[in-house]
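User: I'm new to reading structures and I'd like to know where the labels come from. Can I ask you about this one?

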There are 2 protein chains.
Amino acid sequence: MRTSVSPRYNYAARAQHFRPSPVRGVFDISMKPGMISLAGGNPDLTVLPLEQLGDASARLIRDRGTEVLQYGTGAGVDELREALTDVMSLSGIRSDADDLLVTSGSQMGIELITTMLCEPDDVVLAESPTFVGAIGTFLGLEADVVHVDSDDEGLIPAALQESIRAVHATGKKIGFLYTIPSFSNPTGIRLSLERRRQIVEICRKEGVQIVEDDPYGIISFDGSVVPAMRSLDDSVVYLGTMSKIYSPGLRVGWMLAPRELRDRLQLASEATTICASVLSQHLALEFLTEFDWRASVETATGRYRARAAALVEGLEEHMPSDVRWTNPTGGFFTWLTLNRDINTESLLQRGIDDGIVFIPGTAFYADGQGTDTIRLAYSLASEQDLREGARRLAGVLS
Amino acid sequence: MRTSVSPRYNYAARAQHFRPSPVRGVFDISMKPGMISLAGGNPDLTVLPLEQLGDASARLIRDRGTEVLQYGTGAGVDELREALTDVMSLSGIRSDADDLLVTSGSQMGIELITTMLCEPDDVVLAESPTFVGAIGTFLGLEADVVHVDSDDEGLIPAALQESIRAVHATGKKIGFLYTIPSFSNPTGIRLSLERRRQIVEICRKEGVQIVEDDPYGIISFDGSVVPAMRSLDDSVVYLGTMSKIYSPGLRVGWMLAPRELRDRLQLASEATTICASVLSQHLALEFLTEFDWRASVETATGRYRARAAALVEGLEEHMPSDVRWTNPTGGFFTWLTLNRDINTESLLQRGIDDGIVFIPGTAFYADGQGTDTIRLAYSLASEQDLREGARRLAGVLS
């Protein structure tokens, strides 16, 4: 059906479904001097060996410029795909590089799998709350997002079973289950291995495809890694990214999918971007093979751990007693529940006026839930700013 | 409607519409030693000042790494957008940087505008023949491609008028007219200013949106530039790219569109890739502001001119008398018409066996036309290889 969004353009119906991301919306505001931004999930890049990475880049362009500045294959640079299988092995995944497709960031992986498996009005099951960027893509591609209940330990297997039953009862098709089991965006919660097993089993039984998004799995404060769902079932589509462990600006992500599906995803990928930036892919390859990248992730993770602790301390010190928050053991975020009859969207402007930016929780639902919730990112702010941010936020709430 | 492409996956209908690109299909074969590839439209990157570009890259990462390796804005780097308005001014376009959206290559621009303006079964009008990658995207997004007749001078205005009438008579909606007016891929033909005016006038009268794809406009053998359609009408959506004048591997393209449409395109763009590679954007900005990039394009264009001449000489010397070809005055391609009852797809394997790769003409039509045609790219082969390639191709034809 045609929309009437403009008297001038005869937009396709889907045109009206793309919505502005609240995270992108406060991008500029977050840059203001004196502002404490707990909004964007930006990694700390000051841990990177910039001097050496710059040298590597210069070498690549000088010595192999006619290759790294030229068109690349749709699948991605072969050596990078090999190196990425090693990255995934840290999460218990055994994979073949040929099953891997390099994308221009893993947001693109979300877009491609939705394109491939979801007709308009098909259902995407998604834990509640979930990544705002994924919701934007699902809605833009006219999928119907159905949230599956979560608790303090993440996605609830029994609730998933019930949601599948309820969707099937409506006669609708389920495109897939979208989940971030490790240090979820926005809650920071990590799902137990036992629940992962149950969820994989339910989806296998019900014929529901799992799409596992895993940007944060190895950013674990105590170094422990819970095996990825993909390690439990080869049919799981796994999305990975260099954005949180290296650089988001290079736009290098990847998808691991069973061969036939992967090959189709590549055709859709080529129809969108032809290939990911070849220079970016080589800079990712350099990072994974010529640098002690695990030490870099460890250093960054140590900072995130200290920052999470500082934020939680600040919250404990300043927050009213009815406010609750998750206590993250990895990743970039904590999730506040105010337990009040209030819409946090209406608090954002006051927060900005008081020098604190956050993302209102409704952004992480497709259906208006989450009015009394807030996502706080601790990944980039200093410990001092995080404590001060908690104080400012408490002031806004009172 | 569901497809039955696999017993395993419940693919969306559109999944079956993405087709392998014949250009990508011969990517590997083209690399074989001894093979003369006239297949891919790859620019000659040996004209680039690789040493200095490498230094620029090192400087960017070393001095501004936490910026150029971090997330960027969805619109693109502001200074780059400014610089791109200067690039477009060479084609007669006066533009505001705020109307410009940076994309991960202009293939993505094609995907975004189709997403925004075409429902499934809506019509895309496209000159015949046209860019294979665009056809792939249109079909993948389930548009109905209707080819508009062209002659030796390009798209025929009267044929466009007739096509619009015919589509309207079926009750179908027209998403837009897609055209490459300057040194078309695959024909190399440049449309006259007079025809551009007529086409813009027809589309204005009929309410048909124009999407002008312009990768080659300033790669003109005699230096002359015919003003872009966008210079004649601000409502034209203009697609530009750094791929042919600088580097395809960086994946930097752009779209110029009226503000409201542009803003919606940005939302869809963010849902796909968040932003184009920030490092790539800065390397594009460096090229456009710190280097004599026009001299670089001039040097490359001189080579393309000499190569086009060598190929045409070879064709004149070796081809049977019933074969015709376009005589390009810019861009990367010439287009052969065999005037025989033959499908050139069946000749490709024989060509490969004889050490010559080309793209069969059917790739450049959505509907099976072009069986007796061939696209030859002269952009990357040496003059000697181009002459020898013409000889080998003539051998295959005889």
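User: Which residues of E15(B) lie on one side and which on the other, and what makes both faces count as covered?

Analyst: Before that, a quick note: this is a predicted model, where local features need pLDDT of at least 70, side-chain atom pairs count only at pLDDT 80 or more, and totals for chains, interfaces and linings use all residues. Residues are numbered from 1 along each chain as its sequence is written, and chains are lettered from A and ligands numbered from 1 in the order in which they are written. Now the strand: B:Thr373, B:Arg375 and B:Ala377 sit on one side of E15(B), B:Ile374 and B:Leu376 sit on the other, and all are buried. A residue is buried if 20 or more other C-beta atoms lie within 10 Å of its own, exposed if 12 or fewer, and partly exposed in between, with C-beta atoms placed from the backbone. With buried residues on each side, both faces are covered.

User: Why is strand E15 of chain B called largely enclosed?

Analyst: Because five of the five residues in that strand, 373–377, are buried, the rest of the structure largely encloses it. By the way, helices (H or I, at least four residues) and strands (E, at least two) are DSSP runs, numbered from the N terminus.

User: How do you know that E12 and E15 of chain B pair?

Analyst: Two strands pair if DSSP finds at least two bridges between them. Strand E12 (residues 333–337) of chain B and E15(B) have five bridges, in the antiparallel sense, with B:Thr337 opposite B:Thr373. Strand E14 (residues 359–360) of chain B also pairs with E15(B) in the antiparallel sense, over two bridges. There, B:Ile359 stands opposite B:Arg375.

User: How many residues does each chain bring to the contact between A and B?

Analyst: Chain A brings 72 residues and chain B brings 71. On the chain A side, H3(A) gives the most, with 13 residues. By class, that side has 31 nonpolar, 27 polar and 14 charged residues. The sorting goes like this: Ala, Val, Leu, Ile, Met, Phe, Trp, Tyr, Cys and Pro count as nonpolar, Asp, Glu, Lys and Arg as charged, and the others, Gly among them, as polar.

User: What makes the relation between the chains that of a two-fold axis?

Analyst: A rotation of 180° with 0.0 Å of shift along its axis puts chain A on chain B, at an RMSD of 0.0 Å. That's the relation of a two-fold axis. The copies are superposed by least squares on the C-alpha atoms of residues with pLDDT of at least 70 in both. In chain A, A:Ala58 has the C-alpha nearest the axis, 2.7 Å from it. The same surface serves both copies, as 99% of the contact residues of chain A recur in chain B.

User: Why is chain A called as compact as a globular protein of its length?

Analyst: Its radius of gyration, taken over C-alpha atoms, is set against the globule rule, 2.2 Å times the number of residues to the power 0.38. For 398 residues the rule gives 21 Å, and the radius of gyration of chain A is 21 Å, so chain A is as compact as a globular protein of that length. Chain A holds 13 helices and 15 strands, and 59% of its 398 residues count as buried.

User: Into which domains is chain A divided, and how do you know where they end?

Analyst: The bounds come from an automatic or database domain assignment. Chain A has domain 1 (13–48 + 295–397) and domain 2 (51–290). Their C-alpha centres lie 23 Å apart, and 33 residues of domain 1 are in contact with 33 residues of domain 2.

Methods: Contact = placed C-beta atoms within 7 Å.
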